[in-house]
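Here is a friendly walk through some charged pairs, a ligand site and a few backbone details. Keep the viewer open as you read.

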Amino acid sequence: SGTTRPVRILKYVQRCANSGDVLSVISAIDAYCSKVEWAMNVGDEKGAILDAVVLETRPRYVLELGTYCGYSTLRIAHLLAPGARLITLEMNPHYAQVAIEMFRHAGLDAQVELLVGSSSALIPQLRKKLDIEKFDLVFIDHWKVSYLPDTKLLEECGLLKAGSVLLADNVTCPGAPDYLQYVRNSPRYQSQYFPARLEYLQVEDGVEKSVFLG
Ligand SMILES: O=C(NC/C=C/[C@H]1O[C@@H](n2cnc3cncnc32)[C@H](O)[C@@H]1O)c1cc([N+](=O)[O-])cc(O)c1O
Ligand SMILES: [Mg+2]
């Protein structure tokens, strides 16, 4: 049909999830993507690991690289304390529009700041644009070849402080080998791997939590 996959997911959510109920939006996306058509959301198994890291970190400033339909953005936003700020970067304007509609349905559009553009162009502007000094948590889930260059860019732009947590999706499948090698061998990171299945499939994946040591 003429629609895109994100639009089909959004229409299902708007039809089946209770508006203003973020948990019903999250489970509606998981229901659609496990029963009707696969999509690259972090999913409920790796999503539970993301939830645990958000709760443990209690971040005030969060950055997400790669919004897509906004599934992980919602999981994070749902667990943030009042006054915390969640910035998500999405280079595809169509996906960004879908995500904004998704946030609206969940009633969290006021809690999320979505910037349309590429991370490589936006990251150097964040301090000036958003008046944010450092990020406490960064969720990395965009093109896998961009994980390492964007991590180095975050360091160079002074957006990480001692204790900042990077959480990277898909370090096993599709994989981000150069990123893994870097965070696991650099003395500036304390890294830990959490095995899990790839979203909606019986394939092995995992997320990597890396604490920046300053
Ligand atoms: O490829 C995957 N994710 C790429 C995600 C890409 C999303 O991030 C945006 N983006 C990319 N560079 C960007 C730079 N700046 C801003 N947005 C950007 C893209 O416009 C898209 O919305 C993937 C693939 C599988 N898989 O099984 O194949 C499983 C997963 O969980 C995945 O995350
Ligand atoms: Mg992913």
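## A buried lysine and its partners

Glu-199 and Lys-46 join their side chains in a salt bridge, with an N to O distance of 2.7 Å. Glu-199 lies in the loop between β6 (189-197) and β7 (204-212), while Lys-46 belongs to helix α3, so this pair ties together parts that are 153 residues apart in sequence. Do keep in mind that you are looking at a predicted model.

Lys-46 also forms a salt bridge with Asp-169, at 2.8 Å from N to O. Here, too, distant parts of the chain are linked: Lys-46 sits in helix α3 (residues 43-57) and Asp-169 in the loop between β5 (160-168) and α9 (171-175), 123 residues apart.

Are these side chains buried or exposed, taking Lys-46 to begin with? Lys-46 has a relative accessible area of 1%, so it counts as buried, under the 20% cut-off. Asp-169 is buried as well, at 0% relative accessibility, and Glu-199 is buried at 4%.

## Another pair, and the wider picture

A further salt bridge brings together the side chains of Asp-51 and Arg-75, 2.7 Å apart from N to O. Asp-51 is in helix α3 and Arg-75 in helix α4 (residues 71-78), so the pair ties together parts that are 24 residues apart in sequence. Both ends are buried: Asp-51 has a relative accessible area of 17%, and Arg-75 has one of 12%.

Which residues are joined into one network by salt bridges that share partners? They are Lys-46, Asp-169, Glu-199 and Asp-205. Across the whole structure, the search finds 15 salt bridges.

## Around the ligand

Where does ligand 1 sit? You will find ligand 1 in the largest pocket. There are 21 residues around ligand 1, and those that come nearest are Glu-90, Ser-119, Asp-141, Asn-170 and Glu-199.

Glu-90 places a polar side-chain atom 2.5 Å from an oxygen atom of ligand 1. Ser-119 takes part through its backbone, where a polar atom is 2.8 Å from a nitrogen atom of ligand 1. Asp-169, the salt-bridge partner of Lys-46, has a polar side-chain atom 3.2 Å from an oxygen atom of ligand 1. On its own, ligand 1 has 680 Å² of accessible area, and the protein covers 89% of that.

## Backbone details to check

Which residues does a cis peptide bond join? The bond runs between Cys-173 and Pro-174, with omega at about 5°. Pro-174 is part of helix α9.

Two residues other than glycine have positive phi values. For Tyr-68, phi is about 55°; this residue lies in the loop between β1 (61-65) and α4 and is buried, with a relative accessible area of 11%. For Asn-170, phi is near 65°, and the residue is placed in the loop between β5 and α9. Asn-170 is buried at 3% relative accessible area, and it is also among the residues that come nearest to ligand 1.

How values were computed
Residues are numbered from 1 along each chain as its sequence is written. Chains are lettered from A and ligands numbered from 1 in the order in which they are written. This is a predicted model: local features need pLDDT of at least 70, side-chain atom pairs count only at pLDDT 80 or more; totals for chains, interfaces and linings use all residues. Side-chain values use heavy atoms; hydrogens and water are left out. A salt bridge is a side-chain nitrogen of Lys or Arg within 4 Å of a carboxyl oxygen of Asp or Glu. Helices (H or I, at least four residues) and strands (E, at least two) are DSSP runs, numbered from the N terminus. Buried means under 20% relative accessible area, exposed over 50%, partly exposed in between (1.4 Å probe, protein chains only). A residue is near a molecule or strand if one of its heavy atoms lies within 4 Å of it. A polar contact is a pair of N or O atoms within 3.5 Å; within protein, one must be able to donate a hydrogen and the other to accept it, and residues adjacent in sequence count only if both atoms are side-chain atoms. Accessible areas come from the Shrake-Rupley method with a 1.4 Å probe; for residues, only the protein chains shown count as cover. On a 1 Å grid over the protein atoms alone, a cavity is a set of points where a 1.4 Å probe fits but cannot get out, and a pocket is an open set with protein on both sides within 12 Å along at least five of seven lines; lining residues have an atom within 4 Å of a point. A molecule sits in a cavity or pocket if more than half of its atoms lie within 2 Å of its grid points.
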